[in-house]
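Student: I would like to learn how to read a few local features in a structure file. Could we take them in turn, starting with aromatic rings?

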Amino acid sequence: MAFLKTPERTKERFSLLLLDLEEYYFEQHTAYHVTSSSRKEKKIRGSFKVCSRSIIFDPESLAEPIIKIPLRDCRKIEFVEKENNPFNDPKPPVITVSSEQVIFIKESNVIAPYRNERGSKKLTFELEGWSKTEDVVQTLLQLHRASCLDKLGDQTAMIAANLQSRLARSSFDKNCFQSVAEDLHMECPVEMVMPLVSNPGHVCITNENLYFQPLNGHPHVIQIKLNEVRRIYKRRHGLRPLGLEVFCSENNLCSDIYLKFYSPADRDEIYYYIATFLENHIKEHTAESYMLQWQRGHLSNYEYLLHLNNLADRSCNDLSQYPVFPWVIADYTSSQLDLTNADTFRDLSKPIGALNQERLDRLLARYRGMPEPRFIYGSHYSSPGYVMFYLVRVAPEHMLCLQNGRYDHADRMFNSISETWKNCLEGATDFKELIPEFYGNDSTFLENRLNLDLGRRQNGTLVGDVLLPPWASDASDFLKKQKMALESQFVSEHLHEWIDLVFGFKQRGSEAVAAQNVFHPLTYEGGIDCDSIEDTDQRIAMLTQILEFGQTPKQLFTTPHPQRITPRFQNITRSSSINSTAGELSPVSLCEDSSFEDLTEESRKMAWANMGSLKRISSHKIHKEAVTGIAVTRDGASIFSTSQDSTLKMFSKELKDFQRSVSFSNMALSSCLMLPDGKTVLCSSWDNNVYFYSIPYGRRQDTLMGHDDAVSEMCWFDDRLYTASWDSTVKVWQCSSADQSSHKRSKFELLAELEHDAGVNTVSLNPAGTLLVSGCKDGTVTIWDTSSYQTLQQVHCHVGTIHRSAFSPDSRHVLSVGDDSCMKVLDVQTGMVISSVKAEEKQRCFCWDGSSVLCGGQSGSLLLWDLLSNAVICRIPAHSGAVTAMWMNELCNTVITGGEDKQIMFWRLQS
């Protein structure tokens with residue numbers, strides 16, 4: 001299971017789970033439990049553990065039970081010094097504890113409910129280190145006084161003071177450093193957080209490692225190499241911003257360590273220090289970036305939900321915020337599971353509590369008559385109790401810790417999948433969702449492999465393995481089909497609706513009310529400020545109630561989550577989605593009925609998935625200088641190219657030779673583009689002009705003289721021409737088309753002039769024509785709104801000239817390449833650089849689908865980059881000089897490149 005994946009650091013029977021909730025283990029001493037019967041003294045050797053609310057004696061012999069003595073039940077704790085005869089060996093002092101209750105744990109070394117013996121008992125312990133006996137007794141008396149205070153708040157404050165005093169008197173042992181050359185950066189007291197327990201100690205961070213040393217030495221020092229850290233997350237712990245979770249893997253649910261700090265400032269300093277070690281290999285971990293990967297099939301549904309849980313403060317180390325997963329199957333009675341039938345699946349657009357209309361009607365009637373603050377559901381869909389309900393067979397000690405040494409009643413245990421689902425549909429207070437284990441690979445949580453005595457049900461049967469649906473042959477088969485269902489076509493198309501409820505815009509406010517998704521106000525982040533409650537007892541009680549009740553995840557999305565792009569002929573599984581590195585639909589087309597059926601889009605997906613198989617068909621040297629632009633007629637028969645040799649040339653694909661050569665001036669041409677009518681080619685020039693070339697008439701048709709320096713690049717949308725220039729402007733022109741029959745020239749009306757601080761070297765529009773991106777010689781990328789001509793984002797993200805910038809097909813991101821050899825991906829909405837890749841050489845031009853990039857480098861090779869892994873997938877030898885121009889057709893299966901070697905090359909994907 002997730003939090004059981006951590007390697008066992010000790011083989012001791014003792015576990016922090018034997019402590020009460022919110023209790024600390026302070027110190028241990030080798031000691032003897034001294035018993036006497038029939039005048040014969042018996043000594044049982046073991047470990048005497050001083051805890052904040054109890055004494056625990058852990059015998060070395062596995063045949064002996066662990067003894068726990070709650071301090072609140074102690075009547076007397078004494079230091080007893082025995083009389084010594086000078087002629088005999090001295091007798092050691094002992095500790096005697098008189099208590100009204102003693103708890104016996106793991107009798108016969110079996111994990112089972114604890115046995116409580118009530119009544120007056122006197123226990124005697126003898127420490128091996130005699131000299132410490134009196135000090136230990138004084139410590140126990142102090143802790144005993146704290147446990148006997150009337151108010152819980154006073155108890156907690158006194159124990160906290162004791163803990164802080166211990167932490168202040170101790171420090172990290174520098175002898176534990178792996179190398180004498182390590183430089184200490186910071187040390188501070190923390191608690192290592194694990195499910196239901198926390199362990200105080202010191203964290204120490206150097207220039208090489210993160211260390212945690214427990215105050216009590218259990219376990220020994222934990223070391224994490226900083227260069228192995230892959231993810232770090234700030235966490236809310238106990239509703240306060242004090243947590244830090246560190247992962248050394250990219251996709252694992254369970255972290256390597258979870259620390260709770262005593263001040264947000266200490267937490268933040270270590271967070272930002274570790275972050276400096278992530279810069280070389282960190283991936284962007286935002287909900288937006290993960291959503292993009294998921295939409296395109298780079299993340300499975302399972303992986304995406306794991307990442308969202310992580311971002312929403314859900315951690316397998318915090319059972320009050322354990323990762324939450326949806327029920328997706330609604331059929332647990334059929335002999336065969338039909339994943340092609342929509343009736344097999346749960347309605348993901350509704351919370352569990354709204355799936356049964358009759359129950360929902362009763363809940364809504366109560367809701368309407370309720371005073372503010374109102375709520376529909378009085379219990380949550382995720383809580384520590386629900387997590388342990390599912391995992392009791394593999395984590396029995398956690399269940400016993402949570403329930404004061406008892407299992408739940410046998411009939412309330414997790415006995416059957418179908419019974420549990422039925423109760424979630426019909427139970428008056430049962431609205432629980434699932435946990436990640438239901439879609440994992442480890443089925444042991446469904447089987448009683450530990451042979452635990454979990455009780456006998458009313459029908460006389462013992463609680464054993466979980467009863468599975470008829471369609472599952474065994475537990476492994478059940479998980480296999482659960483995973484198939486989660487990754488199925490139906491769930492892939494509807495998962496965004498469940499995300500809206502749990503992580504998104506239907507989580508709160510009027511949208512939550514409309515979706516019948518309103519839980520108790522205490523479950524929401526910020527629902528109450530516990531620090532504002534002055535009465536300590538009330539504050540602790542409120543916090544305990546919140547943590548036990550369950551917490552709603554942090555809200556990640558405030559607008560509707562987009563649907564996944566799922567091809568109809570392909571089941572979305574992890575194996576298939578690896579190969580589906582598709583380009584996106586533009587936001588405008590998402591509302592069209594054909595969006596998800598469009599075979600052209602699927603062809604693009606397949607093309608990008610196989611872009612590494614690009615093969616050169618032919619190459620032709622038709623210019624005298626570097627090629628600067630490529631444009632192609634709609635039928636693909638004629639290819640136009642511009643060059644620094646000042647010529648526009650037309651190449652016939654059929655004749656494999658150039659047919660026309662046109663020169664407008666003696667200055668270099670910088671780019672060209674084909675107008676939508678397929679009859680006109682536009683050429684930008686270093687002579688500050690834009691030339692319109694008529695293909696049918698074979699001559700220059702118009703000249704636009706609109707800049708004070710070279711025109712570097714152009715783009716066109718709906719009769720509007722956008723021209724970028726080294727005069728530090730982008731100008732927007734309304735163009736009325738020329739009337740060829742009457743020989744009237746085109747008219748150009750200047751609509752806007754977009755000012756920049758440096759020469760503009762590249763300009764591009766998004767597919768919908770609503771956004772414009774410009775890249776300057778000073779390394780600045782600017783994103784503009786084409787309706788208002790207002791600046792939306794301006795980011796200085798490169799050092800030196802930007803050679804090319806372009807939107808992703810879904811308009812969410814911009815990719816730019818520059819003189820600094822970097823490829824930067826910007827988030828359009830926030831302006832953040834969400835990915836930065838340092839290449840071995842300058843990239844001059846590219847085409848991309850939002851996650852994969854085919855770019856032309858300074859050395860002349862074509863490189864296929866995967867931006868999700870920041871890695872070159874393949875390198876394709878091409879030109880003998882820099883690749884300076886690139887064109888790709890709509891289906892993404894044909895590419896034309898131009899280079900400094902004066903050649904144009906034709907490329908095609910090999911099937």
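Tutor: Keep in mind that this is a predicted model. Ring pairs are found from the distance between ring centres, and here the count comes to 34 aromatic pairs.

Student: How do Tyr233 and Phe247 sit in their aromatic pair?

Tutor: They are edge-to-face, with 5.7 Å centre to centre and 85° between the planes. Planes over 60 degrees apart count as edge-to-face. Tyr233 belongs to strand β12 (residues 231–237) and Phe247 to strand β13 (residues 240–247), so the pair ties together parts that are 14 residues apart in sequence.

Student: Are Tyr233 and Phe247 buried or exposed?

Tutor: Under 20% relative accessible area means buried. Tyr233 has 6% and is buried; Phe247 has 0% and is buried too.

Student: What kind of pair do Tyr332 and Trp421 form?

Tutor: A tilted one, with 6.0 Å centre to centre and 55° between the planes. This pair links distant parts of the chain: Tyr332 is in the loop between α5 (301–311) and α6 (357–368), and Trp421 is in helix α9, 89 residues apart. Tyr332 is buried at a relative accessible area of 5%, and Trp421 is buried at 7%.

Student: Which residues do ring pairs link into a cluster?

Tutor: Trp327, Tyr332, Trp421, Trp471 and Phe478.

Student: Which residue lies over the face of Phe247, and which over the face of Tyr271?

Tutor: For a charge over a ring, look at the distance to the ring centre. Arg231 lies over the face of Phe247, 4.1 Å from the ring centre. Lys234 lies over the face of Tyr271, at 4.8 Å from the ring centre.

Student: Now helices. At what angle do α2 and α13 pack?

Tutor: Compare the directions of the axes, then the residues in contact. Helix α2 (residues 152–169) packs with α13 at an angle of about 85°, and their axes are 7 Å apart. That makes α2 roughly perpendicular to α13. From α2, Leu152, Gly153, Asp154 and Thr156 meet Thr536, Asp537 and Ile540 of α13. The residues of this contact comprise two nonpolar, three polar and two charged.

Student: How many residues of helix α7 are buried?

Tutor: An α-helix has 3.6 residues a turn, so residues three or four places apart point the same way. In α7 (residues 384–391), seven of the eight residues are buried, and the helix is mostly covered. The buried ones are Pro384, Tyr386, Val387, Met388, Phe389, Tyr390 and Leu391. They pack against α8 (396–402), α9 (417–426) and α13 (536–549).

Student: Last topic: the backbone. Which peptide bond is cis, with omega near -5°?

Tutor: Most residues other than glycine have a negative phi, and most peptide bonds are trans. The bond from Glu372 to Pro373 is cis, with omega near -5°. Pro373 is in the loop between α6 and α7.

Student: What is phi at Asp719 and at Cys892?

Tutor: Asp719 has phi near 65°, a positive value in a residue other than glycine. Cys892 also has a positive phi, near 65°. Asp719 lies in the loop between β24 (711–717) and β25 (720–725), while Cys892 lies in the loop between β40 (883–888) and β41 (894–899).

Student: Is Asp719 buried or partly exposed, and is Cys892 buried or exposed?

Tutor: Asp719 is partly exposed, with a relative accessible area of 39%. Cys892, at 8% relative accessibility, counts as buried.

How values were computed
Residues numbered from 1 in each chain as written. Predicted model: local features only at pLDDT ≥ 70, side-chain atom pairs only at ≥ 80, totals over all residues. Heavy atoms only, no water. Buried < 20%, exposed > 50% of the residue type's maximum accessible area, 1.4 Å probe, protein only. Helix = DSSP H or I, 4+ residues; strand = E, 2+ residues; numbered from the N terminus. Contact = heavy atoms within 4.5 Å. Phe/Tyr/Trp six-rings, centres within 6.5 Å; stacked < 30°, edge-to-face > 60°. Lys NZ or Arg CZ within 6 Å of the ring centre and 35° of its normal. Axes fitted to C-alpha atoms, helices over the stretch in contact; angles between N-to-C directions. Parallel < 35°, antiparallel > 145°, perpendicular 65-115°, else oblique. Nonpolar A, V, L, I, M, F, W, Y, C, P; charged D, E, K, R; others polar.
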